[in-house]
Amino acid sequence: MTEKEITEKIIDLKNQLKDKITIPAHHYQNIEIVKLSDFIGDSYKLAVESSKTSAKYIIFCGVRFMAESASILAKDYQKVLIPNVQAGCPMADMIDLKIANKVYEIMSNACENKIIPVVYMNSYADMKSFCGEKDGSVCTSSNAKTILEYYFKQGHSVFFFPDYHLGKNTSNLMGIPQQQIVKVKKDGTLECTGDVKKAKLFLWDGFCHVHQTFTEGDIKLVKEKYSNIKIIVHPECKESIVKLSDMSGSTEQIYKIIKESPAGTTWAVGTEANFIYRMSKDFRDKVIIPLRVSPCMNMEKITLSLLYQSLQSVMDYDNNSGSLKYEISVAQEYKINAHKSLQKMIDIVSGKI
Ligand code: SF4
């Protein structure tokens with residue numbers, strides 16, 4: 001089948017399934033997938049919007065941890081699917097329950113404050129559950145500062161994971177001195193220039209290779225080429241890159257800032273390549289280039305053909321003649337506490353608590 005034929009079949013299935021189906025897509029999805037989705041957003045917006053939908057089937061076009069979050073927040077009658085179950089996230093894989101328990105004990109013994117775990121949305125359900133169990137919260141790049149402030153105000157220290165750079169860049173925004181920050185290595189080593197006993201923030205040593213790739217040389221190059229260029233990057237980039245840029249922000253914030261900038265402005269963007277390409281198409285009155293072309297191969301694992309197969313499986317399942325391809329469900333042992341930590345984030349951000 002050609003791309004055009006697959007697209008027509010997807011539209012046809014969507015029309016037949018009507019309100020029974022909704023298709024959320026992350027900003028990093030290919031432009032063809034975005035065009036067929038019902039709503040787009042970053043991981044926070046998608047989790048919140050997906051939880052409001054009443055559709056029986058949610059086909060989540062993103063990576064697995066995002067579909068898992070949708071499944072945790074879904075109502076009992078809802079089924080969450082992902083077109084390709086292989087769409088993972090190397091950063092989310094950088095910590096698991098066994099390691100988290102081990103380093104949490106080491107940190108708790110070394111620090112005089114109570115340590116609350118805060119996990120970035122880019123993590124699996126077992127890690128969200130680990131946080132929920134200890135009164136911690138999930139956070140995203142758009143609300144990390146708000147979540148950390150919430151716990152600091154209560155006099156607690158925070159274990160932030162898995163992304164070191166988001167934690168470090170957020171700590172810079174909050175003016176936390178380097179001596180109060182501890183880098184937590186996989187073997188349990190605590191690296192600190194100050195007194196660990198009094199440390200405020202423990203940062204896990206994880207990273208996203210898509211964002212960690214940007215260099216000082218990339219910034220120098222675009223500045224040499226375009227005299228009036230503005231540089232905006234995601235806070236998953238290294239601290240040095242964020243400091244050399246004009247601004248940083250979450251995926252939603254980057255989209256909004258560029259959208260609202262005056263016509264004729266030139267932007268170099270340090271984030272995922274598919275997203276930058278789509279912005280360059282959406283905002284043709286501006287020049288938008290990648291700081292360096294850095295695609296997320298896992299996001300690209302969601303293809304038109306797999307979306308079509310997923311939709312067809314929903315149609316068959318709904319007619320009692322097949323099984324769902326691929327349903328995402330979360331182990332019962334993690335569901336309650338993972339839900340608790342996601343809900344905590346929503347409540348803190350909305351000012352409910
Ligand atoms: S962009 Fe990075 S953090 Fe996001 S899904 Fe891809 S690898 Fe994971």
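Trainee: Why is helix H8 described as largely enclosed by the rest of the structure?
Mentor: Eight of the eleven residues of H8 are buried, so the helix is largely enclosed. Buried means under 20% relative accessible area, exposed over 50%, and partly exposed in between, with a 1.4 Å probe and protein chains only. The buried residues are Tyr164, His165, Leu166, Gly167, Lys168, Asn169, Thr170 and Ser171. Helices are DSSP runs of H or I with at least four residues, strands are runs of E with at least two, and both are numbered from the N terminus. After H8 comes Gly175, with a positive phi near 70°.

Trainee: On what basis does the model rest, and how are residues numbered?
Mentor: This is a predicted model, in which local features need pLDDT of at least 70 and side-chain atom pairs count only at pLDDT 80 or more, while totals for chains, interfaces and linings use all residues. Residues are numbered from 1 along each chain as its sequence is written, and side-chain values use heavy atoms, with hydrogens and water left out.

Trainee: What makes helix H4 largely enclosed?
Mentor: Nine of the ten residues of H4 (residues 64–73) are buried, so this helix is largely enclosed by the rest of the structure. Among the buried residues are Phe65, Met66, Ile72 and Leu73. The buried residues of H4 pack against strand E2 (24–26), helix H3 (43–52), strand E5 (79–81), helix H6 (125–133) and helix H15 (332–350). Contact here means heavy atoms within 4.5 Å.

Trainee: Why is Gly132 called buried?
Mentor: Gly132 has a relative accessible area of 1% and therefore counts as buried. Gly132 lies in helix H6 and touches Asn337, Lys340 and Ser341, not counting residues up to four places away in sequence. Gly132 and Ala338 are 206 residues apart in sequence, yet their C-alpha atoms are 5.7 Å apart in space.

Trainee: How do you know that Ile254 is buried?
Mentor: The relative accessible area of Ile254 is 0%, so the residue is buried. Ile254 is in helix H12 (residues 251–260). Not counting residues up to four places away in sequence, Ile254 touches Ile232, Val233, His234, Gly249, Val269, Thr271, Phe275 and Met279.

Trainee: Which residues surround the ligand?
Mentor: The ligand is surrounded by Tyr28, Val63, Cys89, Pro90, Met91, Asn122, Cys208, His209, Val210, Glu236 and Cys296. The shell divides into eight nonpolar residues, two polar and one charged. For this division, Ala, Val, Leu, Ile, Met, Phe, Trp, Tyr, Cys and Pro count as nonpolar, Asp, Glu, Lys and Arg as charged, and the others, Gly among them, as polar. Cys296, one of the surrounding residues, is buried because its relative accessibility is 13%.

Trainee: How many disulfides does the structure hold?
Mentor: The structure holds zero disulfides. Cys111 is in no disulfide, and the nearest cysteine sulfur, that of Cys192, is 9.7 Å away. Cys111 is buried, with a relative accessible area of 6%.

Trainee: Where is Ser321, and is this residue buried or exposed?
Mentor: Ser321 lies in the loop between helix H14 (304–318) and H15. Its relative accessibility is 52%, so Ser321 counts as exposed.

Trainee: What makes the backbone at Asn320 and Lys18 worth a remark?
Mentor: Most residues other than glycine have a negative phi, and most peptide bonds are trans. Asn320 is not a glycine, but has a positive phi of about 55°; Lys18, also not a glycine, has a positive phi of about 45°. Asn320 is in the loop between H14 and H15 and is exposed, at 75% relative accessibility. Lys18 is in the loop between helix H1 (3–17) and strand E1 (21–22), and at 59% relative accessibility Lys18 is likewise exposed.

Notes:
A residue is near a molecule or strand if one of its heavy atoms lies within 4 Å of it. A disulfide is a pair of cysteine sulfur atoms within 2.5 Å.
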